[in-house]
Amino acid sequence: MAKYSTGGSSGGGSSGSCELCGTSSESLTTASVAGAELQVCSNCANLDESSKTEREVSEEQQRRKQAAQNTAQQFDAVSGDSKRWEEEGTNYEGDQLPYLSSDYGRQIQKARQSEGLQLEELADELGIDENDLLAVEQGRANRAGVGGSLIAKLEDRLDVDVTQE
């Protein structure tokens, strides 16, 4: 089990245990990892963010995002959900989310409730994913990857206007 720094150590080059992986080492160096200054072994030293340029950090974040998307696609393929993406034919590059009012989620939820509809009922009626509708009502449309066509369906059905020009 790794130990965590209490800030009492000084400089690099000391001996002890790596504060990241717990490996005993005669030669520890100081590294900035996730905003913390830690004494790390040579194996963990490559995680030092202070030596990376902004471009390298950005590229690494992009690689991690792509890896997460690939993992999700593989999971969907194994679980049988990959057909969902093909059947819907959603192209989020071509179905961009419009600019939304700051309280779009509350407006959609209020309109749905005034119609006397449950979340599941409205999603079924419009042929949309219930989780996407929930994301819209919670103000997470952009993070959930909801397309503009879904917002347009909601605006038409609930007679609300949540887009901004």
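1. A salt bridge is a side-chain nitrogen of Lys or Arg within 4 Å of a carboxyl oxygen of Asp or Glu. R112 forms such a bridge with E137, and their closest N and O atoms are 2.5 Å apart. The pair links distant parts of the chain, since R112 belongs to helix α3 (residues 104–114) and E137 to helix α5 (residues 130–137), 25 residues apart. Helices are DSSP runs (H or I, at least four residues), numbered from the N terminus. Both R112 and E137 are buried (buried means under 20% relative accessible area, exposed over 50%, partly exposed in between, with a 1.4 Å probe and protein chains only).

2. This is a predicted model, in which local features need pLDDT of at least 70 and side-chain atom pairs count only at pLDDT 80 or more, while totals for chains, interfaces and linings use all residues. Residues are numbered from 1 along each chain as its sequence is written, and side-chain values use heavy atoms, with hydrogens and water left out.

3. The whole structure holds four salt bridges. One of them joins E125 to R157, with the closest N and O atoms 2.4 Å apart. E125 lies in helix α4 and R157 in helix α7, so this pair ties together parts 32 residues apart in sequence. Salt bridges with shared partners join E115, E125 and R157 into one network.

4. How exposed are the members of this network? E115 is partly exposed, with a relative accessible area of 41%. E125 counts as partly exposed at 45% relative accessibility, and R157 counts as partly exposed at 25%.

How values were computed
Helices (H or I, at least four residues) and strands (E, at least two) are DSSP runs, numbered from the N terminus.
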